[in-house]
Amino acid sequence: MSVRSSDEYKEEKQLDRIKGLCNKYNLMFNLDVKKPFFPYKEKSYIRELLANTYKELYNRETTVKKKIHACMEGGIISSNIDNLDICTIAPTIDNCHSVNERVSISSTIRVYNWLKETLIKYNKDY
């Protein structure tokens, strides 16, 4: 079994429940790997820059989700770099990790332009 959660407390509670069921029914429990998740920071320069750039480009607010079950890579990177300011952005994806997975091309283009403009602004700030 491998696990990943955006809420470490809930992850531990769920693992305890699974271990309890395994013990009750005399099953072996083996946790192969715990995949890290990066924590939400209340103050984030990168998130603010991304949000402002999105609004300038598309004349609407972007959606900021504090805890989502995504981006294992971000968790791995942030678990190795203290105080990393990190965010993830992505195009619209339906049926993720299935044979029916689909990505919106128009959304991919928007994300590409959003990232490009954000990097230009970031470069000017530093």
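Modeller: A salt bridge here is a side-chain nitrogen of Lys or Arg within 4 Å of a carboxyl oxygen of Asp or Glu. The structure is a predicted model, in which local features need pLDDT of at least 70 and side-chain atom pairs count only at pLDDT 80 or more, while totals for chains, interfaces and linings use all residues. Residues are numbered from 1 along each chain as its sequence is written, and side-chain values use heavy atoms, with hydrogens and water left out.

By that criterion the structure has two salt bridges. One joins the side chains of glutamate 56 and lysine 121, with an N to O distance of 2.3 Å. Glutamate 56 belongs to helix 2 (residues 45–58) and lysine 121 to helix 4 (residues 105–125), so this pair ties together parts that are 65 residues apart in sequence. Helices (H or I, at least four residues) are DSSP runs, numbered from the N terminus.

For exposure, buried means under 20% relative accessible area, exposed over 50%, and partly exposed in between (1.4 Å probe, protein chains only). Glutamate 56 has a relative accessibility of 57% and is therefore exposed; lysine 121, at 22%, counts as partly exposed.

The other salt bridge is between the side chains of glutamate 61 and lysine 55, at 2.6 Å, N to O. In this pair, glutamate 61 is exposed, with a relative accessible area of 53%, and lysine 55 is partly exposed at 39%.

Notes:
Helix = DSSP H or I, 4+ residues; strand = E, 2+ residues; numbered from the N terminus.
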